Amino acid sequence: MIERRPSVSLELLLYLILFTFGAWLRFNQLDRQPLTDAEAREALAALPQPAEFQPPDPGPSSPAYQVLTGLAFTFAGAEDRTARWASAVAGSLLLLTPLLVRRQIGRGAALMTTLLLGISPTLWAASRTAGGSAIAVLGILAAVLFPAHFAGDFEHVTP
């Protein structure tokens, strides 16, 4: 019996490097700039507060951002860095979405897409801004790509 030792492929190593670099870009010095007025309104709406205190209505807001940031505030404290944490996590998870369609578009194209998503200035900025935009992009992209991930698995099944 031949014993196989676990190995790490070059492709997996490249994904790990790209993900780590992209996540570092998103999380590095999240609190370097103070919150803008719009970010502060979003963060204030997510802040767990006593029932007798009602903050001013921030206008349209992301429920996902409010829930995730409210949890972050509860466990890590209310800081500028914590207000941007949910967006940075969503922006980092965006880097993994090309893995869902790797079989359909090819390994090289998926790696290149991961690289481009990682260094995109637009996604980088959205991932470092307190609000629901990065979370929304992640949700939309996952909703579109997740079914494509399983599309080929059911072609051989006949009714």
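Mentor: Helices (H or I, at least four residues) and strands (E, at least two) are DSSP runs, numbered from the N terminus. This is a predicted model, in which local features need pLDDT of at least 70 and side-chain atom pairs count only at pLDDT 80 or more, while totals for chains, interfaces and linings use all residues. Residues are numbered from 1 along each chain as its sequence is written, and side-chain values use heavy atoms, leaving out hydrogens and water.

Trainee: What is the relative accessible area of Gln 29?

Mentor: Gln 29 sits in the loop between helix H1 (10–27) and H2, and has a positive phi of about 50 degrees although it is not a glycine. Buried means under 20%, exposed over 50% and partly exposed in between (1.4 Å probe, protein chains only). Gln 29 is partly exposed because its value is 44%.

Trainee: Which residue has its backbone oxygen 3.1 Å from a polar atom of the Thr 82 side chain?

Mentor: Thr 82 belongs to helix H4 (residues 80–83) and is buried, at 7%. Leaving aside residues up to four places away in sequence, Thr 82 touches (heavy atoms within 4.5 Å) Thr 69, Ala 72, Phe 73, Ala 76 and Gly 77. The oxygen belongs to Gly 77.

Terms used:
Polar contact = N/O pair within 3.5 Å; in protein donor to acceptor, adjacent residues only side chain to side chain.
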